[in-house]
Amino acid sequence: MKIYLLIPFLPLAAFAINILFGRNLIRNKAHWISCSAIIGSLIASVITASDVIGGKVINEDLYTWIVAGKFSVSVGFLIDQLTAVMLIVVTGVGSLIFIYSVGYMHGDKGYYRFFAYLSLFVFFMLMLVMSNNFVQLYLGWEGVGLCSYFLIGFWYEKKAAADAGKKAFIVNRFGDFGFALGVFMIFLTFGSLHYAPVFSGVGNFVGHTVNILGYEVDLITVIALLLFCGAVGKSAQIPLHVWLPDAMEGPTPVSALIHAATMVTAGVFMVARCNAIFNLSEVAMNVVAVVGAVTSLFAATIAVAQNDIKRIIAYSTLSHLGMMFAANGVGAYAAGVFHLYTHAFFKALLFLAAGSVIHAVHHNDVQRMGGLKKYMPLTYITMLLAALSAGGVPGFAGFFSKDEIIWSAFASHSDVGKFVWVLLTCVAFFTPFYSFRMIYLTFHGKFRGTHHEEHHLHESPPVMTIPLMILAAGAVAVGWVGIPKVLGGGAHFAEFLKPVVGHPEFHGTHAQEFGVMGLSTTIAISGIVIAAIFYLIKTGIPVRLAKNFSFIYRLLFNKYYVDELYHHTVVRPSIWVAQRFIDAFTDAKIIEGIVNGVPKTIGRFAGVLRKVQTGLAQHYAIIMAAGVFIMIVLILW
Amino acid sequence: MIPLSWYMVLSMIVFSIGVFGFLSRKNIIIIFMSIELMLNAVNINLISLSHYLQDLRGQILAFFVIAVAAAEAAIGLAIIIALFRNKATAHVDEIHEMKG
């Protein structure tokens, strides 16, 4: 019995049962099936992961999926150290979010549907991280995108939600197109899509070039950049980041699971998985690092000016994802995955706590919250811990992973590394600033909503707060497995991942490492302090700043007008082409011409023929008699 | 002894009258009668040939034709009555529901 097979297939079974019998039979008991499936899958993951820690890496093909000529793909599973980390993140954080959803989604009319899609998502995510070939990775990749679409548009009666779902799906098309091309290139180059031959054989292709539109380009760089293109879409990096903030229209547990903890980190996972390819292309690595770092700072600055509690966290997610890519880009894959792992906990917690707040006040606008501390103490404390962790306060999980990234960027001793380091140090200020801005606006001060709303403020039920508390423990403690050596830890996490992602050659003294760490920590704490001054003590300052620097404020508030830019450069021309050309010409003339023309011709022909049918019996009789006469004549002739 | 050809000529004349009546008359009852004429022309033919060939099978066949004609007359008249009740006419030119 292969116990690891239970990990993806239990959630798939839960999906099948819920979608088939949910509407009429299971209804509001859907969570029993989905939750027990994911908890079973968590137990199987823990068993499998402990095997991996014991040194047992699984890589086997179960059955041949597609054979066509030389092309052969099998359903196979690779469970190594990297996969083990992802398994724990997906099923661990997933289980807590499933349980939380029982309370959050209580009474929703799509209850069974919600749990069915959530289970399906977990199945695809697990297929993605457990695959041992690119096709199965792609299956999971598209599958999670599909579930993301389902769940963003879960409240499809709401136009904003339906639009956001479409936006996420369409923006991801751009990335996935590149990703698919990358997979094709890999097949053309290596003749195989299994990881093992590709990653071991990639060294033979160093220096090979490929002719694209007349330019000779480095083959490995092209493959790496195309793969990264997929990661940019899925993990919402610049320039395809626009879908993630809108995805917040989905239910909050979805934001926590899909758009913070797991799906959006698939890109980071994929780059780390393909490190053998990326390592051989300096250009691609620099692109990854720069895109990551720029996205990180870009999103962090936007988060400062947002008022929607979920969007603040969404931009925070973008920023953290950027950091992970920056880490991957400077070759510190272990640091990137480490941040992925800690981020899953504290970001899921931030979202779930925000969900708990939304559950109480029934809107997302932080400007109309405030003073919730005394109504919802558990939510307050857990969210505070999450913010401390996200902000990189020493001792919390987020600190260790973020510090690892910043130090890696500094110690990589390349120009790009320095650039990344500068940007991420700025981010280290913004992250705690916007996190605490959100905390202060939400929980401190006086309640700014209506009396009616104030009357209904309440702490969430235990089914929601208990997952919050468990995640809070995680947000504090999960980083302790990766305490750097300089602080007396063992850096176990990086050691653990070393067989998969290797270890970058960094040169730096302990003094430098302390310096970098001290600098980012000081900046982080100053971020918290400045947020406290702005939003607790002198609440007039932000208003005056917004007024005096209204250009910058409006730029940030409108997210650098990227949506507007895309609207004018991509959406409008597309619609113009669709209306003027596709609709007016292709559709109206060509397609409708064929569709209507064929029956019209037949109809005209029939119009002539039908004249024969007069309906008068005697005419038929004459024709019959004439026929008989002709036949007789022919026979007797 | 009347030669066979006379019977054949008689049969042909009666059949032709039937065909002509069927094709030219407009009253549905007359058309119906024309059909009977055609059937009976066939009977004359059958019986005269049966006699000529000294074979009784032709006469047996004539009985079948009479039986079928009786059944056909019953059904046909029923149809005509039903038609007349619906259309209040016995004129075939006015019955053209099946016009294409």
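This is a predicted model: local features need pLDDT of at least 70, side-chain atom pairs count only at pLDDT 80 or more; totals for chains, interfaces and linings use all residues.
I began with contact order in chain A: of the contacts between residues at least 6 apart in sequence, 79% join residues at least 24 apart.

Residues are numbered from 1 along each chain as its sequence is written, while chains are lettered from A and ligands numbered from 1 in the order in which they are written.

**Entry: confidence.** I read an ipTM of 0.84 and a pTM of 0.81 for the complex from the predictor. For chain B I found an average pLDDT (the predictor's confidence in each residue, from 0 to 100) of 91, with 99% of the residues scoring at least 70.

**Entry: overall form of chain A.** I recorded 26 helices and four strands in chain A; these are DSSP runs numbered from the N terminus, helices being H or I of at least four residues and strands E of at least two. The C-alpha trace spans about 120 × 70 × 55 Å along its principal axes. Of the 637 residues, 51% count as buried, the criterion being 20 or more other C-beta atoms within 10 Å of a residue's own, with C-beta atoms placed from the backbone (12 or fewer is exposed, in between is partly exposed).

**Entry: contact with chain B.** I found ten residues of chain A in contact with ten residues of chain B. The chain A side divides into five nonpolar, four polar and one charged. Here Ala, Val, Leu, Ile, Met, Phe, Trp, Tyr, Cys and Pro count as nonpolar, Asp, Glu, Lys and Arg as charged, and the others, Gly among them, as polar.

**Entry: α13 and α18.** I examined helix α13 (residues 282-304) and helix α18 (residues 415-443) of chain A, which pack at an angle of about 25° with their axes 8 Å apart. That angle makes α13(A) roughly parallel to α18(A). I classed angles under 35 degrees as roughly parallel, over 145 as roughly antiparallel, 65 to 115 as roughly perpendicular and the rest as oblique. Axes are lines fitted to C-alpha atoms, for helices over the stretch in contact, and angles run from 0 to 180 degrees between N-to-C directions. The contact includes A:A293 and A:L297 of α13(A) and A:V420 and A:F430 of α18(A). Its residues divide into 18 nonpolar, four polar and one charged.

**Entry: α5 and α6.** I then turned to helix α5 (residues 134-152) and helix α6 (residues 159-190) of chain A, packed at about 170° with axes 9 Å apart. The two are therefore roughly antiparallel. Among the contact residues I noted A:W141 and A:G145 of α5(A), and A:A168 and A:N172 of α6(A). By class, the contact has twelve nonpolar, four polar and two charged residues.

**Entry: backbone exceptions.** Most residues other than glycine have a negative phi, and most peptide bonds are trans. I located a cis peptide bond between A:I238 and A:P239, with omega about 5°. A:P239 lies in the loop between α8 (219-234) and α9 (243-246) of chain A. A:A236 is found in the loop between α8 and α9 and has a positive phi of about 55°, although not a glycine. A:A236 is buried, with 29 other C-beta atoms within 10 Å. I also listed A:K559, not a glycine, with a positive phi of about 55°; A:K559 lies in the loop between α24 (550-557) and α25 (562-609) of chain A. A:K559 is buried, with 21 other C-beta atoms within 10 Å.

Conventions:
Two residues are in contact if their C-beta atoms, placed from the backbone, lie within 7 Å.
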